[in-house]
Amino acid sequence: MSSEGNRVPQPARLWGQRLREKGFTWDQIAEVIALTHDVSPLRLYRLAHGRTAADVAALVNDADPAGTAALREARLYDFEAWPQTGRRPPAPLLAALAKIYQTSARNLVHNATLASYGAADHELIDQADFRHVDTNRTAAPSRVTMDESAAVTSADTSLVDAAACVRLLQATGTVEADVKRRELLFELALVFGGSQALSLLRVLTPDEKERLAGVLRSTWRMDEATVRTFEKLTLRARQADDVSGPATLLPVINGQRAAVGKLLACESMAPGLRDRLLDTYAQLSQLTGYLTYDLCEYTAAEQPLLDSLHAAHDLGDPTLIAFVHYWLGRLAADQHRTAAIFDHAFAVQSWAARSPSKLLAPLHETLFSLAYAAEGNTAASARAHDNALASARAPKDNEPAFLYWVSPSEVELRRSTSLVQQNQPKPVIAAAERYLTRLDPRLKGRHAWVLTQYARALTMTKEIPEAAAKLTEAANITRQHSSTRLANEINQARTRLEPWATTTYVRQLDETLRSSGLTATGHPAQRGDR
């Protein structure tokens, strides 16, 4: 097809047009054309769209105002011919083409050759998913619930059925080309909750994976390097939650927590190593509780948090004890149990006095602010917030990794929720604008949360087009972030727009909500809604 620059095979063009008219998605059209065209996925999607190489090169170059793309037709042919001949397409180009073809970048390369990309490129390829732009994709993406993706909350259970094993085998083949390393990766992922664990395990070196597998098989003894590997995975999981949300992470954390729990029960090890592993177990239990809480499964969230608190007391670590009390207080706040919020706030304050950490002060002050707000004492709530804001500016030297997120911005974000409830939009708008200018765009959940509070405040000031635009942006983020609390916030923000439901802005917002797996009023879609 090297002479095909100004034409596309007529059958492919006609099929694409007719199938599109019948409601087929671009992914489905590509599958049909693949039956008669033995070409690479990259070329397949170009044929599905009926575009010439010249068309696509122009679109790529037009999308890059800086002019750094400079994609030529001949180079596009090279990329489309890979891996038989030609050159491997760079990950940024795959992301750009995925947007043009309204698909996922993973669909543009063979599974067998995807493993040749490095970790950074893998992450870029994984995140480049534009299937939601396809107007023929009417089925809303499934909003994962505890029953569907994280039904197993016990630390002692990790279920991966036969179908999941097949999917896991296929997935490991795409991320690891070497047969022996692929088998090792499959073994570890099976322990840590299935295919969702692959992105987490990607941060480990081959030596770390081999050592970890040996300890889990009981063929190697627990050592300092293996404990360090568990600590590394735990920190990575916390950071991954900022990006993707709780649904995909919870089975992975359950699997890791179960593995650590069994090692603590069965392995003999030096006291120092045991304490570090127990600390990891406490953090994994806290993270399990938090992720479950973020899915609004409040009853299920409490037990792992209490398990974490028990382990932290066994360690005698006042910082970790205070940290777990903070999340128990947050859980109580969402359940409107004001007395319990005060109890945990005082507990955090007491344990903070015994801890060297300076970042615990904003945590107990935040809980006091929430408790006073729940009582209707706005003056006391504001004073506690000001104290939290001042103490959050403490330097982070020698602080534990699990407090990495504590900052003045986070304190302001938490306060915005109370201010919205108190009908004080102006400080919420000012705080949101400040936060968005310095927020890392990869932190999808926080970004959407700020946008939602921003939208609610704009609604109070009757700035309806702007409110609908902010809420639309937040709703789009829910395609990649699975927080049920976030979905509920979007629901509440949309409810405030009901008086303007017939306007163009809100009708367009409702379309976005439905396509994001939410109903027009912001509720997570049920099976009957899809």
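**Close-up 1. H336 sits in the loop between α18 and α19.** Helices here are DSSP runs (H or I, at least four residues), numbered from the N terminus. H336 is not a glycine, yet its phi is positive, about 60 degrees. The model is predicted: local features need pLDDT of at least 70, side-chain atom pairs count only at pLDDT 80 or more, and totals for chains, interfaces and linings use all residues. Residues are numbered from 1 along each chain as its sequence is written, and side-chain values use heavy atoms, without hydrogens and water.

**Close-up 2. The second largest pocket holds about 510 Å³ of space.** A pocket is an open set of points on a 1 Å grid over the protein atoms alone, where a 1.4 Å probe fits, with protein on both sides within 12 Å along at least five of seven lines; lining residues have an atom within 4 Å of a point. The volume is the space filled by probe spheres set on the points, which are joined across faces, edges and corners. Of 19 lining residues, A333, D334, H336, T417 and Q421 are closest to the centre. At least two lining residues come from each of α18 (318-334), α19 (338-352), α20 (361-375), α22 (408-421) and α26 (484-495).

**Close-up 3. Helices α14 (residues 224-244) and α16 (residues 271-294) pack at an angle of about 20 degrees, with axes 10 Å apart.** Axes are lines fitted to C-alpha atoms over the stretch in contact; angles run from 0 to 180 degrees between N-to-C directions. The two helices are therefore roughly parallel (angles under 35 degrees).

**Close-up 4. W82 and P83 are joined by a cis peptide bond.** Omega is about 15 degrees. P83 lies in the loop between α5 (73-81) and α6 (91-101).

Notes
Angles under 35 degrees count as roughly parallel, over 145 as roughly antiparallel, 65 to 115 as roughly perpendicular and the rest as oblique.
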